[in-house]
Amino acid sequence: MTVMQSINTVKEDRWSYLWLAIGSLLFVVGNGRWAIPLAAWLWPAFMLRFTRTQKPVWGFLIVAVVFMVGCNIQWIDIMQGPIFIILNAVMGMVLVATFLIDRIITPRFKGILSTLVFPLTWTTMEYLRSFGPFGSWGSVAYTQFGNLPLEQMVSVTGIYGITFLITWFAAVVNAVWESEFAWQIIRREAALYIGILAMVLLLGGARLAFFPVDSETVRVASVVAPSGENIITMLSSKETRKIPPVEKTIEVMENLSRKGAGVGAKIVNWHEYGLIVARRDEATFIEHACKLAIGENIYLLLALGVFDEEPGSRGENKLIFIEPSGRVLWQYHKPHPVPVIEEPYVVKSKDKTPAISDTSYGKIAAVICFDEDFPRFIRKAGQAKVDILFGPSEDWREILSIHTPAITFRAVENGFSLVRCTFEGLTMAVDYQGRVLTATDDFKNKEPVIISDLPMKGVPTIYSKIGDLFAWLCVAGFLIVIVWALRQHKKA
């Protein structure tokens, strides 16, 4: 039998459309707004069972419809408009390509190698997609937020280790399924996977149990000030921008910052676009902020939107970090404005690294919101041995349960504590093992100042040293599999 004959010869399963139905339902809750962690492990297994029991073209057409529709349901209302429907459809087609490659390539391998084709393909696709304008947004690994033993893996492999384990599970389940559950046939493949998964969970649990976070803490105040409307609404207006008088903005900044300092906070940080200032008033505003830092003896991390009143003009999304002496340590401009909804209105920074300073409370770094979705960018803070990362942010209701939990993986990857002060979202502080220290829903909380006590000392991680080595090994493995399959095809 030739290679192509083996691909087109399928082992019939009269229940295949039942597995398709189950997989489709689980897919909808396998990521996105309603993600159920267990569903992320299960749906690929059912979908693999379906595609492997269909001829490639027919299976491809069916799952193409399922994934394109399913992706738009997963991410419904998160971003609106035709362009986002198209983007969700593209995400669906990437998944289709992953299953199609598995369907064509896997029959050419046997044993353990046959179980590696799918996870290598998926991890490669997900990693290469992270080089695009949306970074790591939508990674299946993020669905596992809260599974602390598993999360510790990212301190070595980054999020792609979790991605690989989830998708490898699907391939192993299908190998067992295809052997008709004959243990003597599949025992090596199943034992290898179970052994590695058990080792990951045991080592992760051991890190949590035997190496707990042990450091002095610093009190941090996160200010989530009510601003009346989402910043993008103001920026996209065709009318003259109504920027508040600088005197009013200074008053709000002083009152809420003093409130944080009044309960013992040594560092006060504001949410993204927390303070909107006209360009002509920026110097005056900063002067008052410096005097406030001196008077309250605090570090002050202010998140400014600096704009002209002229509609359509580009402004700045920036941070200003002031030490207790009143000196401005740095100004940082956002290098990753959100495509489509923010990018047209702000100047895109050329900053290549997070802003970093040595302080009385450890080495502190800061980025802005969407910057945190780019692990390679944030890893530069890990390389610099940062102890605390601040990520002032602004989200919206539909991504409240998605965005901040995903960002906490940056803390475990790089060994620092993280504070994400978020307007219209989830403000959260975590330590470098991913434990949640504080979590506040901006839509339910009426208190604008949120207090967290953060460890002042981070730890080095393997990931911060080797970066995405695991992901690149998956890419290399994927290419080797493709080349090997092509050679087998030529021989046939």
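A residue is called buried here if its relative accessible area is under 20%, exposed if over 50%, and partly exposed in between (1.4 Å probe, protein chains only). By that definition, both faces of strand 3 (residues 275-278) are covered. The model is predicted, so local features need pLDDT of at least 70 and side-chain atom pairs count only at pLDDT 80 or more, while totals for chains, interfaces and linings use all residues. Residues are numbered from 1 along each chain as its sequence is written, and side-chain values use heavy atoms, with hydrogens and water left out. Helices (H or I, at least four residues) and strands (E, at least two) are DSSP runs, numbered from the N terminus.

**Strands 3 and 4**

- Leu275 and Val277 lie on one side of strand 3, Ile276 and Ala278 on the other, and all are buried.
- Strand 3 pairs with strand 4 (residues 299-307) in the parallel sense, over four bridges; two strands pair if DSSP finds at least two bridges between them.
- Within strand 4, glycine 305 is the residue opposite isoleucine 276.
- From strand 3 the chain passes through helix 13 (residues 282-296) to strand 4, a right-handed β-α-β crossover. Right-handed means that, with the strands pointing away from the viewer, the path from the first strand over the helix to the second runs clockwise.

**Helix 12**

- Threonine 249 belongs to helix 12 (residues 246-262) and is buried, with a relative accessible area of 7%.
- Leaving aside neighbours within four places in sequence, threonine 249 is in contact with Pro244, Leu275, Ile276, Val277 and Phe285; contact means heavy atoms within 4.5 Å.
- Isoleucine 250 is also found in helix 12 and is buried, with a relative accessible area of 7%.
- Not counting residues up to four places away in sequence, isoleucine 250 touches Thr284, Phe285 and His288.
- Between the C-alpha atoms of isoleucine 250 and alanine 384, 134 residues apart along the chain, the separation is 34 Å.

**Asparagine 317**

- Asparagine 317 is part of strand 5 (residues 316-322) and counts as buried, at 2% relative accessibility.
- Apart from neighbours within four places in sequence, the contacts of asparagine 317 are Glu272, Tyr273, Leu304, Tyr332, His333, Lys334, Glu342, Val346 and Ile368.
- Glutamine 331 is 14 residues from asparagine 317 in sequence and 10 Å away in space, C-alpha to C-alpha.

**Helices 3 and 4**

- Helix 3 (residues 37-52) packs against helix 4 (residues 56-74) at an angle of about 150 degrees, with the axes 10 Å apart. Axes are lines fitted to C-alpha atoms, for helices over the stretch in contact, and angles run from 0 to 180 degrees between N-to-C directions.
- The angle makes the two helices roughly antiparallel, a term for angles over 145 degrees; under 35 counts as roughly parallel, 65 to 115 as roughly perpendicular and the rest as oblique.
- Trp43, Met47, Phe50 and Thr51 from helix 3 meet Gly59, Ile62, Val63, Val66 and Phe67 from helix 4.
- This contact has seven nonpolar, two polar and no charged residues. Ala, Val, Leu, Ile, Met, Phe, Trp, Tyr, Cys and Pro count as nonpolar, Asp, Glu, Lys and Arg as charged, and the others, Gly among them, as polar.

- Six strands form an open sheet in the order 7-8-9-11-13-14, with mixed pairing.
- At the edges are strand 7 (355-359) and strand 14 (436-441), each pairing on one side only.
- On average, neighbouring strands of this sheet are turned by 15 degrees against each other, direction ignored.
- Strand 9 (residues 388-390) and strand 11 (residues 417-420) pair in the parallel sense over three bridges, and phenylalanine 390 stands opposite valine 419 in strand 11.
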